[in-house]
Amino acid sequence: FACGLAIAAVGLLWNQVLPINKKLWTSSFVLLTGGLATIGLAGCLALFDAADHRRLARPFAIVGVNAITVYVGAGLLARLLASTHIGELTAKGWIYKNAFTDHIADPKIASLGYALLNVAVWWLVAWVMARRGWAFRV
């Protein structure tokens, strides 16, 4: 945890010289996200292993068993939704508009809702696969 905190702090300090930029993968971005990931890993180790709350990790384990299937499936579905049209909108745009932007004024919250829906759908796919004992491995 301390190492992650130190790395994230260095990334924030380095931001003063080289701004954090995800698209360019600047060193400040790498340090910040690497530090935050290390803090997250330390938290998971403390919660799931040291405190022995392994049941809390089950939702993550369900996706982890078929992570590549979920990754490839999500990519394929995204391409399908982007290339299929419903009227003048893509299928993705139609879902986004009718399920979120028509009902939620803040576009950031609407975008978050769409992203959470996507995660929920793929978690359910992974859960069904886990219940049936399906595990695709590469």
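Figure 1. Helix α4 comprises the 17 residues 67–83, helices (H or I, at least four residues) and strands (E, at least two) being DSSP runs numbered from the N terminus. At 1.5 Å a residue, α4 should span 24 Å, and its end C-alpha atoms are 24 Å apart, which agrees; the expected span is 1.5 Å times one less than the number of residues. The buried residues of α4 are Val-70, Gly-73 and Leu-81. They cover an arc of only 70 degrees around the axis, which puts them on the same side of α4; the arc is that of the directions from the helix axis to the C-beta atoms. Buried means under 20% relative accessible area, exposed over 50%, and partly exposed in between (1.4 Å probe, protein chains only). The face turned away from the buried side of α4 carries the exposed residues Ile-68, Tyr-71, Leu-76, Arg-79 and Ser-83. The cover over the buried residues of α4 includes β2 (89–90), α5 and α6, where contact means heavy atoms within 4.5 Å. The model is predicted: local features need pLDDT of at least 70, side-chain atom pairs count only at pLDDT 80 or more, and totals for chains, interfaces and linings use all residues. Residues are numbered from 1 along each chain as its sequence is written, and side-chain values use heavy atoms, with hydrogens and water left out.

**Figure 2. The largest nonpolar core.** Five residues, Leu-81, Ala-91, Phe-100, Ala-110 and Tyr-114, make up this core. A nonpolar core is a set of buried Ala, Val, Leu, Ile, Met, Phe, Trp, Tyr and Cys residues joined through side-chain atoms within 4.5 Å. Two or more of the core residues come from each of α5 (91–101) and α6 (107–131). Ala-110 is in contact with Tyr-96, Phe-100, Thr-101 and Ile-104, leaving aside neighbours within four places in sequence.

**Figure 3. The packing of α5 against α6.** These two helices pack at an angle of about 115 degrees, and their axes are 10 Å apart. Axes are lines fitted to C-alpha atoms, for helices over the stretch in contact, and angles run from 0 to 180 degrees between N-to-C directions. From α5, Lys-92, Ile-95, Tyr-96, Phe-100 and Thr-101 meet Pro-107, Ala-110, Ser-111, Gly-113, Tyr-114 and Leu-117 of α6.

**Figure 4. Helix α1 and its two sides.** The 13 residues of α1 (residues 2–14) should span 18 Å at 1.5 Å a residue, in agreement with end C-alpha atoms that are 18 Å apart. Gly-4, Ala-8 and Gly-11 of α1 are buried. Seen down the axis of α1, its buried residues fall within an arc of 55 degrees, so they line one face of the helix. Ala-2, Cys-3 and Leu-13 are exposed on the other side of α1. Among what covers the buried residues of α1 is α2 (27–50).

**Figure 5. Loop residues on either side of α2.** Trp-25 is found in the loop between α1 and α2. Its phi is near 50 degrees, a positive value in a residue other than glycine, and Trp-25 is exposed, with a relative accessible area of 58%. Thr-26, in the loop between α1 and α2, is buried, with a relative accessible area of 10%. Not counting residues up to four places away in sequence, Thr-26 touches Leu-18, Pro-19, Ile-20 and Asn-21. Asp-52 belongs to the loop between α2 and α3 (58–65). Although not a glycine, Asp-52 has a positive phi of about 60 degrees; Asp-52 is exposed, with a relative accessible area of 51%. Most residues other than glycine have a negative phi.
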